[in-house]
Amino acid sequence: MDVPQLFSLNKECFLRIIEISIIISNPRLRLHVEVDTKTANMLLQHIGGLSLFDWGKQLNGCGVGSDRSQRFMGMRGLVTDHSGFQENIDIEPTKAVGDELVKLLRDRLILVENSAETQSLVAPMANLLDQERLGSFHQRVGQYVLLDLREREPWRAWQNQKFSEDGLTLIGENYRQIQEPFFDRNFTHKDLSGLRVLDFGCGNGYFSAKFSDAGASVIALDSSKELLSLARVNYSSRSGLVFILAETISDSIQYLSSLIAKSIDLIYLQDTLLLLLNPENGIPSTILSGLFQAFRRVLASDGEIAAMEPNAVFWLAGRYGKHEAPYAVITEYRNHIFNVVPNLGDMLKPLAEAGFGLVKYCHPEHTDPSHADYAYANEFPIWDFFKFKAINR
Ligand SMILES: C[S@@+](CC[C@H](N)C(=O)[O-])C[C@H]1O[C@@H](n2cnc3c(N)ncnc32)[C@H](O)[C@@H]1O
């Protein structure tokens, strides 16, 4: 006689209470199901496993559940809540009972046969249409863009998660409450007349224009034609602000070689160093050291490189529980499952090798106490700020 397959509560899951329900979450897969206490009890009572038929019998009539998982939300802001938990539900989710509930628990991998089942899911996608595996963070961004948004212009993912369509208004959560206030406080709240800035990876030029408005003369360079054309539409009338297209690192090195040595006071990189170190095509550049050496050549003797980059530990943090009291944090520090943010060592090493020393390191703070993310973002900083100076050798 065949031994029936047994299914039990996935050991990766954790349970938390909200009001009179229990949320069962799998943080790695970002899947969440809300169940009633009877179902939760049943799952714990039969931790050794039951056949699907027996689960159907046990849960029939006594268990109710609903899906609280959210689709990957790349365009809603890469730094908003990454947990995938649907917190505010506008429409009551469909309640599942009996066999439907068993199916939901199976689909959301709350009930599993063994751990290999979840392991196979976190494998890289076979291709961008592969919806079986979770894949890497970038693959999911790619899939979201490809399938859901019919977006043929990947550069829009950067632009639209942070800015209004015309690029003139910063809309992204956390960018407004953390990044921009820190930037303004440290750079553009003073007179920058005479300062020569290279905004490397300037995107749509929003921050380059702020440098320019404060009086600096600015070279704003980016590899994206589209973002630069938006920048030119918005800011071409500014004097002392030039936009340079350099599609590859090699183009950038070539462009920088045309500048006079020591002619730049500040090289600014914002959310860009990570892309130089972990490029979106996944192939690290072999000539990055040449770029950092070029930075060194153009930087004035007392000049600085400043970079504001996503924090390697907390940027991808999943958050469970209340904003002020999260109790799960997924880090990217050593295990680069999503492979987006280089860790501190990855970030500092190439600059150190090019002769730059770290002179400042801090975490930009959230500035709006009335915002839901205030406590969380200040406890688990979302960006790091670095300043480097050339070391005399
Ligand atoms: C996340 S966006 C940040 C843009 C801008 N600094 C801001 O804060 O709004 C990263 C930018 O880096 C640019 N980028 C990526 N690789 C680059 C490279 N090798 N050279 C120049 N720019 C690059 C992208 O086109 C993109 O505009």
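This is a predicted model: local features need pLDDT of at least 70, side-chain atom pairs count only at pLDDT 80 or more; totals for chains, interfaces and linings use all residues.
## A guided tour, from a helix pair to the ligand

The crossing of helices α1 and α2 is right-handed. To find the pair, select residues 37-45 for α1 and residues 52-59 for α2. Their axes come within 11 Å and cross at roughly 145 degrees.

Now show the side chains where the two helices touch. On the α1 side, pick Thr 39, Met 42 and Leu 43. On the α2 side, pick Trp 55, Gln 58 and Leu 59.

Which residues does Gln 139 contact, leaving aside its neighbours within four places in sequence? Show Pro 124, Met 125 and Leu 128 to see them.

Our last stop is the ligand. Select the residues around the ligand and you will have 19 of them, with Lys 162, Gly 201, Asp 222, Ser 223 and Gln 270 coming nearest. This shell divides into 10 nonpolar, 6 polar and 3 charged residues. To see where parts of the shell come from, highlight α6 (155-162), β9 (217-222) and α11 (273-277), each of which supplies at least two of its residues.

- Lys 162: an N or O atom in the side chain is 2.8 Å from an oxygen atom of the ligand.
- Gly 201: a polar backbone atom is 2.7 Å from a nitrogen atom of the ligand.
- Ser 223: a polar side-chain atom lies 3.3 Å from a nitrogen atom of the ligand.

How much of the ligand does the protein bury? Taken alone, the ligand exposes 590 Å², and the protein buries 90% of that.

Conventions:
Residues are numbered from 1 along each chain as its sequence is written. Side-chain values use heavy atoms; hydrogens and water are left out. Axes are lines fitted to C-alpha atoms, for helices over the stretch in contact, and angles run from 0 to 180 degrees between N-to-C directions. Helices (H or I, at least four residues) and strands (E, at least two) are DSSP runs, numbered from the N terminus. A crossing is left-handed if the near helix is turned anticlockwise from the far one by less than a right angle, and right-handed if clockwise. Contact means heavy atoms within 4.5 Å. A residue is near a molecule or strand if one of its heavy atoms lies within 4 Å of it. A polar contact is a pair of N or O atoms within 3.5 Å; within protein, one must be able to donate a hydrogen and the other to accept it, and residues adjacent in sequence count only if both atoms are side-chain atoms. Accessible areas come from the Shrake-Rupley method with a 1.4 Å probe; for residues, only the protein chains shown count as cover. Ala, Val, Leu, Ile, Met, Phe, Trp, Tyr, Cys and Pro count as nonpolar, Asp, Glu, Lys and Arg as charged, and the others, Gly among them, as polar.
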